[in-house]
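Dear colleague,

I am passing on the structure we spoke about, and below it you will find my notes on what turned up in it. Please read them with the structure open beside you.

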Amino acid sequence: MNRKLLRSVREYKRETILTPVFVALEVLMEVLIPLLMAKIIDVGIMDGDIGYIVKMGIILVVLAIVSLFFGAKAGQLGAIAAAGYAKNLRHDIFYKIQDFSFGNIDHFSTPSLVTRLTTDITNVQMAYMFTIRLLARAPIMIVLSWIMTLTINVPIALLLLAMVPILGGVLIFIAKKAHPHFIQVFDEYDVLNNTVQENVNAARVVKAYVRGDHEIEKFGKISTIVFKLFTKAEKIVAWNSPIMQFTIYGVVLFMVLVGGKSIINGTMLTGELTSIIVYALQILMSLMMVTFVFVMIMIAEASTDRIQEVLEEVPEMIDDENALAEVANGDIDFEHVDFSYSGEGGNLSLKDVNLHIKSGQIIGIIGGTGSAKSTLVQLIPRLYDVTGGSVKVGGVDVRKYNLKALRDQVSMVLQKNVLFTGSIYENIRWGDENASDEEVQRVCKLAQADSFVQEFPNKYDTMIVEGGNNVSGGQKQRLCIARALLKKPKILILDDSTSAVDTKTDALIRQAFREEIPDTTKIIIAQRVSSVEDADMIIVMDNGEINGIGTSEELLKTNEIYREVYESQVKGGADNE
Ligand SMILES: Nc1ncnc2c1ncn2[C@@H]1O[C@H](COP(=O)(O)OP(=O)(O)O)[C@@H](O)[C@H]1O
Ligand SMILES: [Mg+2]
């Protein structure tokens, strides 16, 4: 198993080491049992010595109980070690993901990260448990049983010795054949999980569009592929059992033949024959277990690789040692900024953007979907790094700041924003966990959220359900704005954050911004002209480039895109909701 991943065993090393120790003790007891059985038959029964039989019987029972105890203890410790290892792995991956930039997350995709945190870790956990339990058991069992056999009958012992590599080879050959199929199965699992996750996450949308049948069909297709691949793999593995059975009966037959002769010759006793048959069975069973573990490990290998990929991903953004912790003011400058989501050489989503915003200004951004409005503003809190040129905040390149300090000062309400399970207080305090109740209420008033929160029976203690589905779209947006305001940022970015808020409330929010946080630079991305009309400066985005900059009045004269949007909305009455 992968050495680097094994580092995560940490405090469960003790259990990991003790498991095989107890397994060894258990095996020792198990190996003694057939020996005593032989004695009972050969001495007790042959001589008709009841006293001897009872004495040996009691020892047998004690041995069996002790063996049971060791076995149970080994099982327990093995389970703890494996579950603990899995816990640590999960913890390590989760920690790692916290350092991921948006780019790192894009690289894996969210569902794939979820699969790695769940299915893959479970695979590794299972493989780990079987490894520490069975890999210790099999070799000890094989060696001890064989030595026992050797003391009883040399030819049979030699036969068994010859069987081990042959049978082991065949079983490993089968496992190797099945391996690629298992790998394929797990790749398909990823697709399956993606579909399930997408569907369940978007259950409401699926229902609203009555796409249930379509989704079921899609799911059915992938499900069938997984089924077929699994069947293929298992069909190969299924050979294990008949081959084993065949060998076992063959060996038993041979032993009875050879052993029978020896008994007739008087060189071996009946009880000895029964005991070496048991030893032979134990050896063969152990071999089968080894191959079983072998298959498990191979299956887990794919998972191990996938886990390691996450652990080895280099976080794109790591703070410099002498990173700046203070943002001087809310000035923003874009200088010849190029940006591509796939890094250098990729398709440019932003092309040579130049922009200068003064602290405290209100900036509106308008443009069609896909014109790169979100992409543009995401560079300011450094959610992504520029591909070319530079973005400066407070006169300093964003890459020179401590990331936390920068993001505390540049507060952004993402277009796809979410609330978390918890009370409204708790949700708003994501912005600043130490904020007082009064502060929370103050920012909610600013974001025009206080009035509707006051109408809830539990007010600020109202619980938000997962995803925030128990508040309306507009209410959710206002809570998200309040949360962003709680940071007292020098720059506040709203990415289409009032789209579900009525025009009047929208205007009240902007008025509050102007009056209450005059020094904060405010960037407002909007679809509605009315949301940006009174801004100090409006940026018109088109296809990754700035198409025009100016006040509403100036743009009406000079910018065709702006004029068209303005006329369609104002004349068309799209603004009157
Ligand atoms: N995470 C991403 N990975 C790759 N491409 C993206 C990503 N996000 C957006 N894009 C692409 O970048 C372009 C601009 O998108 P975006 O900035 O979201 O536009 P807008 O916010 O103006 O609607 C689009 O072509 C979009 O497909
Ligand atoms: Mg957008």
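In this model, which is a predicted one, the largest nonpolar core holds 44 residues, and those that touch the most other members are Ile428, Leu479, Leu485 and Phe513. Helix H16, spanning residues 473–485, gives the most to this core, contributing six residues. At least three residues of the core come from each of domain 2 (332–409 + 489–576) and domain 3 (420–467 + 475–482). In soluble globular proteins, nonpolar side chains tend to be buried together.

Several backbone atoms lie close enough to the ligand to be listed with their distances: a backbone N or O atom of serine 371 is 3.2 Å from an oxygen atom of ligand 1, a polar backbone atom of alanine 372 is 3.0 Å from an oxygen atom of ligand 1, and for a polar backbone atom of lysine 373 the distance to an oxygen atom of ligand 1 is 2.9 Å. Of the 560 Å² of accessible area that ligand 1 has on its own, the protein covers 60%.

With best wishes

Technical notes:
Residues numbered from 1 in each chain as written. Chains lettered and ligands numbered in written order. Predicted model: local features only at pLDDT ≥ 70, side-chain atom pairs only at ≥ 80, totals over all residues. Heavy atoms only, no water. Core = buried A, V, L, I, M, F, W, Y, C linked by side-chain atoms within 4.5 Å. Buried < 20%, exposed > 50% of the residue type's maximum accessible area, 1.4 Å probe, protein only. Helix = DSSP H or I, 4+ residues; strand = E, 2+ residues; numbered from the N terminus. Domains from an automatic or database assignment. Polar contact = N/O pair within 3.5 Å; in protein donor to acceptor, adjacent residues only side chain to side chain. Areas by Shrake-Rupley, 256 points an atom, 1.4 Å probe, with all protein chains shown as cover.
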